Amino acid sequence: MSNSRIAEFLATASIYSKLPISVEDRAELSKITNGKETYSFDAYCPKCKDHSVFYFSDYQTYWDLKKEFKAYNTRVILAGFGNTFPEIIKSEEEKFRDLINWNRLSCVVAHCSRETKHEFFVFFNIDENYITKVGQYPDVNEYSYSNLSKYEKMLGKYCIELKTSLRLHSNNVGVGAFVYLRRVFERIFFNNYKENSSKLTISEDDFNKLRFTEKIDCLKDYLPEFMVTNKNIYSILSKGIHELDEQECIDYFDTLFESIIMILDEILDKKATEAKQRTLTNKIAKIKGKFGDK
Ligand SMILES: [Zn+2]
């Protein structure tokens, strides 16, 4: 990652996140939008279909490269456009005033290190005290969304809800993202219950009367170990839906999302191991069959 907290914010923050900027930050902002220093960041490149290093381009570099006004097409002034007249030497304060006055809504462009045509646009608003990220193309979560498709067979339509939780979180929606995560958690549990209920000694009626964490205890021999040892995931998700505020849900989302991915991976790994064991058992039986009783 670059050594600039502003560049890092532009590259990785959720849409509508705000970054406080002090007077001291203005020189750094100017370097990103006008200067000759290069800032890099890692992101998924949908065109390469792989992770890549991207470099932010200043306006002049972009102009030299493309010879076109993105501003004309997008009706947005490209960052630094107001500061690209080399004969005018401006102070940092004057450059900042230009950003505010000319480029209230700005755009910076980054290029994939493998191919400059693979572009990454970030739109942001600047005012006296904050930068607000207001747009980005492409979506940095695209890789995550496509990577979640491997759970489709297991989750069915609930796989879309898992993706929706991530999408809501990336748009700074806290409680809503928790609702979708809890539905996915419940689906994993009830899929397992459906598979194993006949092995339980408790009746369906009595089972239904249990609290959710008690249900997990009841099915603990069949559930993924991580789900049993971390059954409080459910309590936290429920607390988020009923009591926590938006910011608390946003703060805790990554831990809960990754925990659910951990549970899903544990199920996938177990199924893969069982399938491999079945294949090997069949092969061993065939080899033994060739030997007869010898
Ligand atoms: Zn690329």
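Two residues are in contact if their C-beta atoms, placed from the backbone, lie within 7 Å. With that in hand, here are some exercises. The model is predicted: local features need pLDDT of at least 70 and side-chain atom pairs count only at pLDDT 80 or more, while totals for chains, interfaces and linings use all residues. Residues are numbered from 1 along each chain as its sequence is written.

**Exercise 1. Find the contacts of alanine 177, leaving aside its neighbours within four places in sequence.**

Step two: list what remains, namely Ser165, Leu168, His169, Cys249 and Phe253.

**Exercise 2. Describe the largest nonpolar core and the elements that give two or more residues to it.**

A residue is buried if 20 or more other C-beta atoms lie within 10 Å of its own, exposed if 12 or fewer, and partly exposed in between. A nonpolar core is a set of buried Ala, Val, Leu, Ile, Met, Phe, Trp, Tyr and Cys residues joined through C-beta atoms within 7 Å. Helices (H or I, at least four residues) and strands (E, at least two) are DSSP runs, numbered from the N terminus.

Step two: look at the members. The largest core has 27 residues, and Ala177, Leu181, Val184, Phe185, Leu237 and Ile260 touch the most other members. Two or more residues come from each of helix H8 (158–170), H9, H13 and helix H14 (246–291). H9 gives the most, with eight residues. Another core lies apart from this one; it has 22 residues, among them Ala7, Phe56, Phe120 and Phe124.

**Exercise 3. Work out how helices H9 and H13 pack.**

Step one: take the geometry. Axes are lines fitted to C-alpha atoms, for helices over the stretch in contact, and angles run from 0 to 180 degrees between N-to-C directions. H9 (residues 175–196) and H13 (residues 232–242) make an angle of about 145°, and their axes are 9 Å apart.

Step two: list the residues that meet. From H9 come Val175, Phe178, Val179, Leu181, Arg182 and Phe185; from H13 come Ile233, Tyr234, Leu237, Ser238, Gly240 and Ile241.

**Exercise 4. Trace the order of the strands in the open sheet.**

Step one: define pairing. Two strands pair if DSSP finds at least two bridges between them.

Step two: read the order. The six strands run S1-S6-S5-S4-S3-S2, with antiparallel pairing. Strand S1 (18–20) and S2 are the edge strands, each pairing on one side only. From one strand to the next, the twist averages 35°.

Step three: inspect two pairs. Strands S2 (residues 40–45) and S3 (residues 50–57) are antiparallel and joined by six bridges, with aspartate 42 opposite valine 53 in S3. Their hairpin has four residues between the strands, and lysine 49 takes a positive phi near 55° there. Strands S5 (residues 119–126) and S6 (residues 130–137) also pair in the antiparallel sense over six bridges; phenylalanine 124 stands opposite lysine 133 in S6.

**Exercise 5. Is glutamate 225 buried or exposed?**

Step one: locate glutamate 225 in helix H12 (residues 225–229). Step two: count neighbours. Glutamate 225 is exposed because it has 11 C-beta neighbours inside 10 Å. Glutamate 225 and isoleucine 263 are 38 residues apart in sequence, yet 8.1 Å apart in space, C-alpha to C-alpha.
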